[in-house]
Amino acid sequence: MSISARLVSITTAWALAGASLFQPGHAARLESQLVDRLHQALNNNDTAGLAALINQEGTMDPQQLLARLERLEERFGPLRWQVSQGQAIPDGRARLELEVRGMGEVAGVLYQLEATQTLAVSSRQGQILEQEVLEEESWVYSGDQRLPVTLQIPDAVLTGQRYDVDVILDEPLDSGLLAGGILEVSAYEAQIMRAPTIQLGTLHAGGLFKRVQAPYTPGGQTWTVMLVHPDGALIVSKRVRVRDAPALATPPNLP
């Protein structure tokens with residue numbers, strides 16, 4: 001496997017972990033002890049404690065979750081997690097905010113991971129029943145600082161909607177060429193952690209710009225961007241929620 005393929009593969013690990021980390025909920029607020037226990041279990045790599053937080057009657061598979069988190073720990077561990085509760089979702093579910101940082105090595109080069117995720121969560125009696133990923137993105141980069149870029153990718157779109165996937169350089173590079181590419185990672189590739197091959201091209205317009213279309217069924221799309229520059233590489237993955245389009249209004253009767 002090439003270095004670039006391995007890098008793309010490890011960025012999908014975060015999306016995999018989040019996609020099954022914890023659908024309509026019961027309580028708008030999670031118990032503070034539940035949030036604290038989740039924070040401690042993640043930072044201590046406590047698989048038994050984490051499994052105890054998942055309600056067996058819910059839709060989550062604890063073993064699948066733990067296996068994915070283990071792979072993420074192997075690639076970037078030890079991981080440093082931050083878990084907090086945000087403002088409740090309008091439909092009554094609780095909002096859970098997660099951040100994770102770590103460092104891994106590929107072919108002798110150190111890469112840093114920075115990832116964030118926002119979940120809509122339902123719980124019962126101190127256990128998590130179900131979850132939905134609302135926002136999610138991960139950054140993997142070499143060097144002390146990541147290349148300053150701005151992602152202009154929506155968090156959510158409607159089924160069949162056309163939208164832009166843009167990555168803009170915040171500052172021009174002083175020297176050297178910049179190469180990059182954008183690729184959609186399928187749900188199957190994410191599920192099995194297959195490393196997709198991204199075709200890189202020389203960039204001349206200050207970033208990457210792509211017009212895409214959402215599928216006609218609700219779910220999500222995950223986009224992975226890779227940029228190679230004189231000081232290293234940057235790989236970004238972002239998930240876009242795909243929601244049902246509103247029904248078309250009945251046209252008025254014409255005379």
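Predicted model: local features only at pLDDT ≥ 70, side-chain atom pairs only at ≥ 80, totals over all residues.
Residues are numbered from 1 along each chain as its sequence is written, and side-chain values use heavy atoms, with hydrogens and water left out.

**The chain as a whole**

- The chain has 5 helices and 12 strands, which are DSSP runs numbered from the N terminus (H or I over at least four residues for helices, E over at least two for strands).
- Of the 255 residues in the chain, 46% are buried.
- The accessible surface comes to about 13,100 Å², and 48% of it belongs to carbon and sulfur atoms; such areas come from the Shrake-Rupley method with a 1.4 Å probe, and for residues only the protein chains shown count as cover.

**Helix α2**

- α2 has 12 residues and reaches 17 Å from its first C-alpha to its last, close to the 16 Å expected at 1.5 Å a residue, the expected span being 1.5 Å times one less than the number of residues.
- The buried residues of α2 are L34, V35, L38, A41 and L42.
- These residues are on the same side of α2 because they cover an arc of only 130° around the axis, the arc being that of the directions from the helix axis to the C-beta atoms.
- The cover over the buried residues of α2 includes α3 (47–52), α4, β1, β2, β3 and β4, and it is judged by contact, meaning heavy atoms within 4.5 Å.
- Just after α2, N45 takes a positive phi of about 50°.

**Nonpolar cores**

- The largest nonpolar core has 34 residues, and those with the most contacts inside it are L42, L50, W81, L96 and L113; such a core is a set of buried Ala, Val, Leu, Ile, Met, Phe, Trp, Tyr and Cys residues joined through side-chain atoms within 4.5 Å.
- Two or more residues of this core come from each of α2 (32–43), α4 (62–76), β1 (80–86), β2, β3 (109–124), β4 (127–142) and β12 (232–243).
- Apart from this core lies another, of 24 residues, among them W139, L147, W223 and L234.

**Strand β8 and its partners**

- Strand β8 (residues 179–185) is mostly covered, with 5 of its 7 residues buried.
- β8 is joined to strand β11 (residues 219–229) by 7 bridges in the antiparallel sense, and it also pairs antiparallel with strand β9 (residues 201–202) over 2 bridges; two strands pair if DSSP finds at least two bridges between them.
- A179 stands opposite T202 in β9 and opposite V228 in β11.

- G102, found in strand β2 (residues 94–106), is buried with a relative accessible area of 4%.
- The C-alpha atoms of G102 and F76 are separated by 4.9 Å, although these residues are 26 residues apart along the chain.
- Leaving aside neighbours within four places in sequence, G102 is in contact with F76, P78, L79, Y111, Q112 and L113.
- I153, in the loop between β5 (149–152) and β6 (156–158), counts as buried at 10% relative accessibility.
- Not counting residues up to four places away in sequence, I153 touches D164, V165, D166, K238 and V240, and its C-alpha atom is separated by 6.5 Å from that of D164, 11 residues apart along the chain.

**Backbone points to check**

- Most residues other than glycine have a negative phi, and most peptide bonds are trans.
- The peptide bond from G77 to P78 is cis, with omega near -5°, and P78 lies in the loop between α4 and β1.
- A107, in the loop between β2 and β3, has a positive phi near 55° and is exposed, with a relative accessible area of 53%.
- Q125, in the loop between β3 and β4, also has a positive phi near 55° and is exposed, with a relative accessible area of 75%.

Methods
Buried < 20%, exposed > 50% of the residue type's maximum accessible area, 1.4 Å probe, protein only.
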